[in-house]
Amino acid sequence: MRWTRSLIPTLRDDPADAEAISHKLMVRAGLVRQLAAGIYVYLPLGLRVLEKINAIIREEMNGIGGQEITMPVLHPAELWQQSGRWDVIGGEMFRLKDRNGRDMCLGMTHEEIIAWIAAREIRSYRDLPQIWYQIQTKERDEARPRSGVLRTREFLMKDSYTLDPDAAALEISYHAHKDAYRRIFDRCGVGYVVVESDPGMMGGSGSHEFMAPSAAGEDEVALCDACGYAANVELARGVPTEPAPSSAKPEEVATPGAHTIAEVSTQLKVDPAATIKTLVFIGPDGPVLALVRGDHALHERKLARALRAESRPAHPDEVKRHLGVSPGSIGPVGVRGARIVADLSLRRGRYVVGANRDGFHQTGVAPGQDFQCEWADLQVALAGEGCPNCGKPLRIERVIEVGNIFKLGTKYSVPLGAMYLDERGQQQPIVMGSYGIGPARIAASAVEQRHDADGIVWPWAIAPFHVHLVPVAVKDAGQMAAAEEIYRDLRQAGFEVLMDDREERAGVKFKDADLLGVPIRVTIGNALAKEGVVEIRQRSTRADRRVPKAEVVATVREIAKTIS
Ligand code: ATP
Ligand code: MG
């Protein structure tokens, strides 16, 4: 490709609203442009990257027997009503009516459509197993579209679905996907960890997420370097350090002006770990008190799992109405009319809690004795807590979720009637799995993980081009003739080449080359006339070699073998 005939609108400055490095660099390198909040245009170079990722995904999906299909973006509401998700999913789903007033929605994912197809086309155990996949646009009205292409409202997803006769067969399909995913991320040059995750709105019996470590991530995982334990913090449970023992009997003490855990523990001279934080939520059946240790944080996903429902923090006036007290002195003792759920770490010990009287706390309160409650894992795992498997300290890392895999079971096949006849002629529900990957997140994760102060450092396999060819002086007939020759030879040898044939200063061209991050740069400058050589530079190491023009192809080939 010749730069002068291409749309590569590089920018000197970061976009004003960008925080994530991948957001800044992908915009500056002219890969993408934002049309509206969370809606992006992919310009030619951005699309090249995406298509390379998609090609790798296709190869690996085909490799495990996946069959590519394509399903519509526009869905009739009925299928989502049958699965129950029409009512469960809130504002994230784009809903609309057709001209006849029929409810429709834009596909966020395609489990319902797959089950609809299976209900019609799969008859017997002989038709199973099946793996169907697509690389297709998804629409989600994300609450907080952000970080460039990492979280958008319209995005491409590779979603695949497995259909199996039973749980044992699903296990095989699931593991085939897990291995295929490892190969996809390995080949794309993205570093990742595989963690246990919470199946969430997908339902089902097991799931894993593929997480690319990056400061721009919105998720956190707990990792144990000693035994390999790895889980999303939504699920991870560290073994907390023991709080200082307290033998005090329950007693009400004045805590004037103390509202936060820090203020209360300072006033009473107790360790925050010897206090209880009481948080009030409003669930579908009314108020819920969620209790965690004073030095711990509540994880709202964990609370949702414990309650088997979503809830929201109560407003101060709701707290006042239900408990008769302002936030700051809330406690679980003597409370009626609210569900009380306490974190497992509170099973032992005595704690300071709010006394449900403004300006007072109670000391020496033993959960389970001085008040009744349900027990659940509610607490956010912390770095340094013990690994649940081996007790060694956990590490917490920020990550981007690039893919995930779910065992769905029969959650969609039963309501949508996706059945088959087994060997004995009995009707059985098809056992499903669902597997997603975000190509844009792979691209952005690669940028997050591989860049330097000057720009992107693309992995070979997903780089928009392999070679960035820079004739320094386009007006110099000798340089330009050599450039044309090298351009032709490299392309004939199978390399993808971008030739910067602009009449620009060398500095500008080099800056752009660094920004775009093509793995190998070939520069044709004065050294050609003087010494008969051109310069070949590796973007990642910046190592230079000067070789005769005739050796360019062989040298590029040699370097290419060493780059991943
Ligand atoms: P998240 O928790 O980040 O919202 P998700 O669990 O909703 O992700 P899935 O519904 O499982 O994601 O989608 C499968 C894959 O699609 C994700 O692993 C991710 O790579 C990609 N993806 C999901 N939402 C978005 C989005 N808003 N923008 C870009 N890619 C996305
Ligand atoms: Mg989501």
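**Notebook: a first look around the chain**

I began with charge: the chain carries 71 positive and 75 negative side chains, and the centres of the two sets lie 2 Å apart. Here I counted Lys and Arg as positive and Asp and Glu as negative, leaving out His and the chain ends; each charge is placed at NZ of Lys, CZ of Arg, CG of Asp or CD of Glu.

A note on what I am looking at: this is a predicted model, where local features need pLDDT of at least 70 and side-chain atom pairs count only at pLDDT 80 or more, while totals for chains, interfaces and linings use all residues. Residues are numbered from 1 along each chain as its sequence is written, chains are lettered from A and ligands numbered from 1 in the order in which they are written, and side-chain values use heavy atoms, without hydrogens and water.

Next I looked up the overall build. Along the principal axes, the C-alpha atoms fill a box of roughly 90 × 65 × 50 Å. Of the 564 residues, 54% are buried (under 20% relative accessible area, 1.4 Å probe, protein chains only).

Then I turned to secondary structure. I found 14 helices and 31 strands (DSSP runs numbered from the N terminus: H or I of at least four residues for helices, E of at least two for strands).

Finally, I picked out one open sheet of three strands, with the order 4-6-5 and antiparallel pairing (strands pair if DSSP finds at least two bridges between them). Its edge strands are strand 4 (74–76) and strand 5 (95–97). Strand 4 is joined to strand 6 (residues 103–106) by three bridges, and Leu74 has Leu106 as its bridge partner there.

Terms used:
Buried < 20%, exposed > 50% of the residue type's maximum accessible area, 1.4 Å probe, protein only.
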